[in-house]
Amino acid sequence: MNIAVIGTGYVGLVTGTCLAETGNTVVCVDINQEKVKKMQDGIVPIYEPHLDTLFYRNIKAGRLRFTTDTAEAVEKASVIFLALPTPPGEDGSADLSYILSAAGELGKLIRDYKVVVDKSTVPVGTADLVYAAIARHARCEFAVVSNPEFLREGFAVDDFLKPDRVVVGCSNERARKIIEELYRPYVRSGNPIIFMDEKSAELTKYAANAFLATKITFMNEIANLCEKLGADVDMVRAGIGSDERIGKRFLFPGIGYGGSCFPKDVQALSQSASQVNYDFRLLDAVMEVNEKQKIILLPKIKQHFGGSLKGKHFALWGLAFKPDTDDIREAPALYMIEALVSEGATVTAYDPEAMENVKKQLGAKIRYADDQYKALEGADALLIATEWSLFRTPDFEKVSALLKARVIFDGRNLYALDRIRELGFRYYSIGRESLS
């Protein structure tokens, strides 16, 4: 099948590459000429495990191409994916200008039947708006389908190739058959393609992300309460996670959620609710708690150092909002950096993938180390903000030797309390006993 993907951000590039992997011919479009040239030269513009292998293989096979020319991309395409950004506006609602602009352009370009797929995360009712934007200029039949993505950064390739489910909002039978054929290779193990109306599909994505953000936030609240009551959140997590109604996933407490999806989608869903005069108080609480959670370690840090951080120097392990990605959008590490610097402290950071992105944003506000141990040199304490695997089993003797004192503030609960106690560290984590 011939496919066009408009937008080569995270979702668009993964979608286009994975569609090519099953034999489709895919043309990806982007207005950024420099980015397109790099991709044409075989350079993957984002970090995502395993994406590079598929990217190179499908370019070499001629199934994956890149262009700045939308007309060229859509001319032979049966299906056109819109994978464009929907950044939050000033009021928190999703900005649809990129999507609607592309839809208007498509209306002028299409000459035969096309299925246009909303792959971006969009508010309820967007499919109708896209249809209207195309219809203003179109002189042929077309259909608009909602097909939200459920890709986890760090696992996106596997999530696309082996999805738990494929959600499709579609009220056009011809389009339904085309989409069903397109996705059949990805659900051979029996996982469902769930067809529904467009509005329900659009809400499904927001509801899924808002629920997971709520689950994380609830566990963070339980962790904070554990500290007040003298309980251990790890024990509580194990106790409730074994209940199959609750499940084990998304129960790990920490310094809040970040990334490109949860913060934006929770905010957008809350705004959508307010537009129809529904007070979604639970989501408002989730956002409020998460903002505080990002710097929940700061009071412990200040208390440990006698109330003042002026002149203190911290090593920071982790900058990305989660491991296995270079994405720093809404990363809790950035909030901690701002808080520490505003208190007069300095920071040297290390992250396996995200440092270049942070340099572009923060510049010389902090220093950057070539590896995790060089970040420790001369630091008064170590702060952990991202649970990268290489941070889980460090050489503690080397850590002890490089730090001025054996002090760790762990925002991801990486280390067992018994082990860290044996090593003689003063250790502060989330929802557990502080070893001070």
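## About the model

This is a predicted model, in which local features need pLDDT of at least 70 and side-chain atom pairs count only at pLDDT 80 or more, while totals for chains, interfaces and linings use all residues. Residues are numbered from 1 along each chain as its sequence is written, and side-chain values use heavy atoms, leaving out hydrogens and water.

## The whole chain

Let's start with the big picture. The protein chain has 17 helices and 14 strands; helices (H or I, at least four residues) and strands (E, at least two) are DSSP runs, numbered from the N terminus. Its radius of gyration is 24 Å, close to the 22 Å that the globule rule gives for 436 residues, so the chain is as compact as a globular protein of that length. Here the radius is taken over C-alpha atoms, and the rule is 2.2 Å times the number of residues to the power 0.38. The C-alpha trace spans about 70 × 50 × 40 Å along its principal axes.

Of the 436 residues, 54% are buried. Buried means under 20% relative accessible area, exposed means over 50%, and partly exposed lies in between (1.4 Å probe, protein chains only).

## Aromatic pairs

How many aromatic pairs does a search of the whole structure find? The search finds 17. Rings of Phe, Tyr and Trp (its six-membered ring) pair if their centres lie within 6.5 Å; planes under 30 degrees apart count as stacked, over 60 as edge-to-face and the rest as tilted. One of the pairs is Tyr278 with Phe280: their ring centres are 5.8 Å apart and their planes meet at 85°, so this pair is edge-to-face. Tyr278 is exposed, at 52% relative accessibility, and Phe280 is partly exposed, at 28%.

Now meet Tyr415 and Tyr427, whose ring centres are 6.1 Å apart with planes at 45°, so the pair is tilted. This pair links distant parts of the chain, 12 residues apart: Tyr415 is in the loop between strand S13 (407-410) and helix H17 (417-422), and Tyr427 is in strand S14 (residues 426-428). Tyr415 is buried at 5% relative accessible area, and Tyr427 is buried at 0%.

One aromatic cluster is formed by Phe305, Phe314, Phe409 and Tyr428.

The charged end of Arg176 sits over the ring of Phe195, 4.1 Å from its centre. For this, NZ of Lys or CZ of Arg must be within 6 Å of the ring centre and within 35 degrees of the ring normal.
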